[in-house]
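This report sets out selected features of the structure shown below. It begins with a single residue and then turns to wider matters.

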Amino acid sequence: MTISRRIFVKSGGLALVSLGLDPLFLVRAAFAAGRPAVMPSDRPILVCLFQRGAVDGLNMIVPHGEPAYYQERPRIAVPAADVVDLDGHFGLHPSLGPLKELWDNKSLAAIHAIGSPDGTRSHFDAQDYMESGTPGVKSTGDGWMNRYCQHDREHEDTPFRAVAFGPQLPRILAGSAPSLAIDDLQAFGLRVPQEAARDKLTRAFEELYDGAGTGLLASSSREGFEAVQMLKRADPSQYRPAAGVEYPQGRLGKTLLQIAQLIKADVGLEIAFADCSGWDTHVNQGSSEGQLSARLRELGLALAAFNHDLGERMRNVVVLTMSEFGRTIRENGNSGTDHGHATAMLALGGPVNGGRVLGRWPGLALEQRFEGRDVAVTTDFRDLFGEILARHLGATDLGTVFPGYTPSPAQFVGAIRA
Amino acid sequence: MHLVLVLVLAAQLPTLTPRDSAFHALNRLAYGARPGEADSVARFGVMRWIERQLDPDHVSDDHLRDREREFKILDYNRADLAGRYRDATRERQRLQREAAASGDSTRMRNARPMQEFRELGGELQQLAIVRAALSERQLREVIVDFWTNHFNVFVGKGADRFLLPSYIEQTIRPRALGRFEDLLIATAESPAMLFYLDNAQSVAPRSAPPPPRGSFFLRRRFGMNEMPDERRQRLQRRPTGINENYARELLELHTLGVDGGYTQQDIIEVARIFTGWSIEPPERGSGFVFRDWAHDRGEKHVFGLTFNDDGKDEGIRLLKFLASQHATMHHVSAKLCARFVADEPPDGCIDAAVAAWQKTRGDIRAVLRAIFTSPEFWSAQAVRSKVKTPFEFVVSAVRATGVEPDDTPRLAQLVARLGEPLYQQPAPTGYGETEAHWVNSGALLARMNAAMGIAKDCASIPANEDHAQLVDMIDQQLLAGTMSTHTKSVILEQLTDVSDPVQARALAVGLALGGPDFQKQ
């Protein structure tokens, strides 16, 4: 029994064994051959934002038609008068107001009461499960996005297929399929301040690795240099967002700007992933204003800017927010909320079946709750991720992406327009 | 013993020169060769050197001991750190309450009560790098890293911020070359592991702690003076049943392996056996405690054994049983061989390791010796077949260039940037061992940048106006003469228009470290 087979079996179930027979570098080399310089601009794209820290879904998508919401949150509920009403029962937190026009033009949907079948309230475990895509199983080695890339190789013709924005590759993209971690587009590649010297050094390393023959070192370095070349042509330093579009200050705005830039550069981006943190509001969460409001404002402004910046290109882009779990229905003694269970996610973009709050709403009454305190999960997150992979990106085999679970169309909430 | 080893070696090294075999041993049993070290190990005798490395207590390590004194983390024991952690937690809670009352959260942000623990985590990483780079007991550092990864604990999970130092110092390091069974039991009893894999919270269903007695202190702890909200939260937080996490990873990762032939019901039985294995509260030092009231006294049946109301001894008996199972020997031996021999290790070295394990009842030294004397370890296919992990890459570059690691977090941050932040793997699998885990385009570009950075400080190569001599020197000092002709010619070509010898050295060393030859071991 070889190590690699053991890892494959453990992490991915049956189908991953195929990779064991198929040395990775050969696969990559095969895909590296004959890449077009510019990718077609009509391929579907998925952008995922992970709200690390567990966003309070109830104050993000507010169930203002639910008396229990106001009873349980005397200090932090968003007053009905402030909520941006969506359907008479739910409404946006006022700080997400910039997204209302997307709701109105049916390109924004919310999915409520979504989460993990595993009841853990540990950030660490719950994030891990959401990224591995195997709730309850800790030893899965790779992430579900990477497994998607392993099995739907149709688009594996560009180093920019799957990009995580940040210093390291997150768990969700970890695995054997090539993926890039980019901290800053402008700094990607060799760090030499002067351009001519940088080009020269890049060529030198390229030549060194050209002599490395076959193997993963050779194919990965080729991908890397190819990415550097493609980016150089795209010239990120010259990028200007569409007229009138202003991204908010801060990391999230900068990241979404860079994702928009990669999309417009037609380098073949299919999956982009980024973190946005600061949602663990145990203390002094605030209601219409305050701590959570400030985070939501940045999120709303950044998403709205991204949408306007891409304009017509949004027709084949889906942006999905996710978070490891929700927060307690009842506010705590510190005007905050503690770790809960189900939360809400947002999906926006041209392919989204927008203008509605999707998923079955379980209600907030005591007997409707999970363990008497939290919003119950009525949609397994794998059903939403699976639907988007299948109906938006065209994934054909969800069983290998979510080992031990097969999202079924009967369970799909209908986030993607048929 | 030595004679046997020499004979084995003579029979199995038709292709490797003494220097090549010394370099191979230094790449695998050590974090790479320091300048000239391949030659000195070859002169000393590579098998003799391996024997010395297997007996580290007789290798003096004065320089490292001096450097370790800089690390204040080694002065704190677990109880000290637990106390400081408790104080910091209280301070944070106090600030949170104040912030909640005043509606002003800026002070909270500025105060950062947990800052000290973040810094301690950083210090722990630097210490690992200093030890790996400087220790004369290289194999011990390598095997400590192996077990730390095999029995992975994530430093970022709650109390593990302060439990990890004692886990490394007291649990792993003293046993890294001892018996596997002792190491397994020590990790099972370690507060760090008990917290990380949630066993500290695993209690028999419907069990409850005995009612509090007496003192004011206890009344406070058990809630007589609590606000109703706090009491409700505490009761909600109280564990109410078994937690299977440790049991599952114990079987799948630490011992039998995923193909070890156990079932979900086995996991549940194992979890029941470990109910009550827990941690003292911080004010009592956060040590191991067996809580009788939380232990499941019912009968458990697993692997053909019966466990019945035998308290903590049930768990010890089970761990000893697991440590002696063939599946465990095979699983752990194969992992050792993946580390020391090849990403996909041949059966020969695994079988040799398992045989040694059986014969010595899990003496880690004997298992390692069996691997290092197996023909597979010395085969041409094994030599330079493995890609260095980020940690191995950075430390070997530091050693090769004669850079003395300083007490700044610079090198630890570099390892993190290359994708392997030490002690920060959240998954209990630990970091991967094979090239597929480490080689990707972004990571390779990052290695090239790291190489250029380290090259600037290179102390082992004198600047030289003669480029051919310079490149030859780099080949000898950094790669023990194994640099490919292609690499040599590319570097020489790049040097043609560089006249400043210091600049030429930085460029040539950077290309050598960042190029494909140095990625391999």
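## A residue in chain B

Why does A186(B) count as buried? The model discussed here is predicted, and in it A186(B) has 20 C-beta neighbours inside 10 Å. A residue is classed as buried if 20 or more other C-beta atoms lie within 10 Å of its own, and A186(B) therefore counts as buried.

A186(B) belongs to helix α11 of chain B, which covers residues 180–189. When residues up to four places away in sequence are left out, A186(B) touches T171(B) and R175(B). R175(B) is 11 residues from A186(B) along the chain, and the C-alpha atoms of the two are separated by 8.6 Å.

## Confidence

The scores for the model are ipTM 0.88 and pTM 0.82. For chain B the average pLDDT is 90, and 90% of the residues score at least 70.

Where pLDDT is low, the predicted coordinates should not be read in detail.

## Contact between the chains

The two chains meet through 50 residues of chain B and 47 residues of chain A. On the side of chain B that touches chain A, the largest share comes from helix α24 (residues 441–455) of chain B, with 6 residues. By class, that side of chain B consists of 21 nonpolar, 18 polar and 11 charged residues.

## Nonpolar cores

The largest nonpolar core comprises 165 residues. The residues with the most contacts inside this core are V270(B), C337(B), A353(B), I371(B), V394(B), A508(B) and A512(B). Helix α24(B) supplies the largest share of the core, 10 residues. Helix α24(B) also gives the largest share of the side of chain B that touches chain A.

V394(B) illustrates the packing. Apart from neighbours within four places in sequence, V394(B) is in contact with L411(B), L414(B), V415(B), L418(B) and A450(B). A second, separate core has 117 residues, among them F50(A), I182(A), L262(A) and I329(A).

## Domains of chain B

The domain assignment of chain B lists domain 1 as residues 1–54 and domain 2 as residues 390–519. Their C-alpha centres are 24 Å apart. The contact between the two involves 8 residues from domain 1 of chain B and 10 residues from domain 2 of chain B. The side of domain 1 of chain B that touches domain 2 of chain B is made up of 5 nonpolar, 1 polar and 2 charged residues.

## A helix and a sheet in chain A

Helix α8 of chain A, residues 144–151, is mostly covered, with 8 of its 8 residues buried. The buried residues of α8(A) include W144(A), M145(A), Y148(A) and C149(A), and also N146(A), R147(A), Q150(A) and H151(A).

Chain A also contains an open sheet of 3 strands in the order β2-β4-β3, with antiparallel pairing. Strands β2 (61–62) and β3 (84–85) of chain A stand at the edges; each has a single partner strand, so one side of each is left without a neighbour in the sheet. Strand β2(A) is joined by 2 bridges to strand β4 (residues 91–92) of chain A, and these strands run antiparallel. Opposite V62(A) stands G91(A) in β4(A).

Methods:
Residues are numbered from 1 along each chain as its sequence is written. Chains are lettered from A and ligands numbered from 1 in the order in which they are written. This is a predicted model: local features need pLDDT of at least 70, side-chain atom pairs count only at pLDDT 80 or more; totals for chains, interfaces and linings use all residues. Two residues are in contact if their C-beta atoms, placed from the backbone, lie within 7 Å. Helices (H or I, at least four residues) and strands (E, at least two) are DSSP runs, numbered from the N terminus. Ala, Val, Leu, Ile, Met, Phe, Trp, Tyr, Cys and Pro count as nonpolar, Asp, Glu, Lys and Arg as charged, and the others, Gly among them, as polar. A residue is buried if 20 or more other C-beta atoms lie within 10 Å of its own, exposed if 12 or fewer, and partly exposed in between; C-beta atoms are placed from the backbone. pLDDT is the predictor's confidence in each residue, from 0 to 100. Domain bounds come from an automatic or database domain assignment. Two strands pair if DSSP finds at least two bridges between them. A nonpolar core is a set of buried Ala, Val, Leu, Ile, Met, Phe, Trp, Tyr and Cys residues joined through C-beta atoms within 7 Å.
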